[in-house]
Amino acid sequence: LRGSCLCRGVEYTVDDDFAYMGHCHCSQCRKFSGSAFSAFGGIEPAKLRFSKGSELIARYEKKPQIWLAFCRNCGSSLFSEQTGRAYLHLRLGTLDDVPTGKPRYHVFVGSKAPWHDIRDDFPQFDTVPDRRP
C-alpha cells in the first residue's frame, strides 16, 4: 500500500498486513489528529518503508519512550511508536491505497469527546484491552 502526508513531502509503502486496526478516543490522539478519534493500524516497523522525505519526519515525545511522528512541513500525523512495543501505530488516514482490513474496535472510550457519539457496534474499551480484538 502507498501512503503520504498532506504535502506529499513524505511518501511511504507499507505491507497490507496489519495485526489490528482500531479507533483511539484518548485526549492525546484527539489533540494530535484534530478530530474525535484517531484511526490506526498496528504494523511491524520493518513493514513500513519511506520512499521519500524521511528527513522531514519529526518526532514528539508525548510520554517517556512514546513518540508521535509527523511531517515537519505540513504537520500530518503519521504514526506513533513506543519503546518495547512490537508494532507502530500507523495513522490510517495517511494511506493513499485501501487496505484489506478495517478498524474493528474503539479504545479509550472512557475519555472520548463528550460531543461525539459512537454509532457502530464494534467493541468498546474504557482503556486498552490486554489483547486486541
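Student: Which elements each supply at least two residues of the lining of the largest pocket?

Tutor: This is a predicted model: local features need pLDDT of at least 70, side-chain atom pairs count only at pLDDT 80 or more, and totals for chains, interfaces and linings use all residues. A pocket, on a 1 Å grid over the protein atoms alone, is an open set of points where a 1.4 Å probe fits, with protein on both sides within 12 Å along at least five of seven lines; lining residues have an atom within 4 Å of a point. Helices (H or I, at least four residues) and strands (E, at least two) are DSSP runs, numbered from the N terminus. The elements asked for are α1 (27–33), β6 (57–63), β7 (66–71), β8 and β9.

Student: What is the volume of the largest pocket?

Tutor: Grid points are joined across faces, edges and corners, and a volume is the space filled by probe spheres set on the points. For the largest pocket this comes to about 360 Å³.

Student: Which residues lie nearest the centre of the largest pocket?

Tutor: Its lining holds 19 residues. Nearest the centre are Cys 24, Cys 26, Lys 62, Arg 85 and Phe 108.

Student: How far from Cys 24 is the nearest cysteine sulfur?

Tutor: A disulfide is a pair of cysteine sulfur atoms within 2.5 Å. By this rule the count is 0. Cys 24 is in no disulfide, and the nearest cysteine sulfur, that of Cys 26, lies at 3.6 Å.

Student: Is Cys 24 buried or exposed?

Tutor: Buried means under 20% relative accessible area, exposed over 50%, and partly exposed in between (1.4 Å probe, protein chains only). Cys 24 has 6% relative accessibility, so Cys 24 counts as buried.

Student: How many aromatic pairs are there?

Tutor: Rings of Phe, Tyr and Trp (its six-membered ring) pair if their centres lie within 6.5 Å; planes under 30 degrees apart count as stacked, over 60 as edge-to-face and the rest as tilted. By this rule the count is 7.

Student: What angle lies between the planes of Phe 50 and Phe 79?

Tutor: Their centres are 6.1 Å apart, and the pair is tilted. Phe 50 sits in strand β5 and Phe 79 in strand β8 (residues 77–82), 29 residues apart. Phe 50 is partly exposed at 29%, while Phe 79 is buried at 2%. The angle between the planes is 40°.

Student: Which residues form one aromatic cluster with Tyr 105 and Phe 125?

Tutor: Tyr 105 is buried at 0% relative accessibility, and Phe 125 is partly exposed at 24%. These two form an edge-to-face pair, 6.4 Å centre to centre and 75° between the planes. The cluster also takes in Tyr 20, Phe 40 and Tyr 87.

Conventions:
Residues numbered from 1 in each chain as written. Heavy atoms only, no water.
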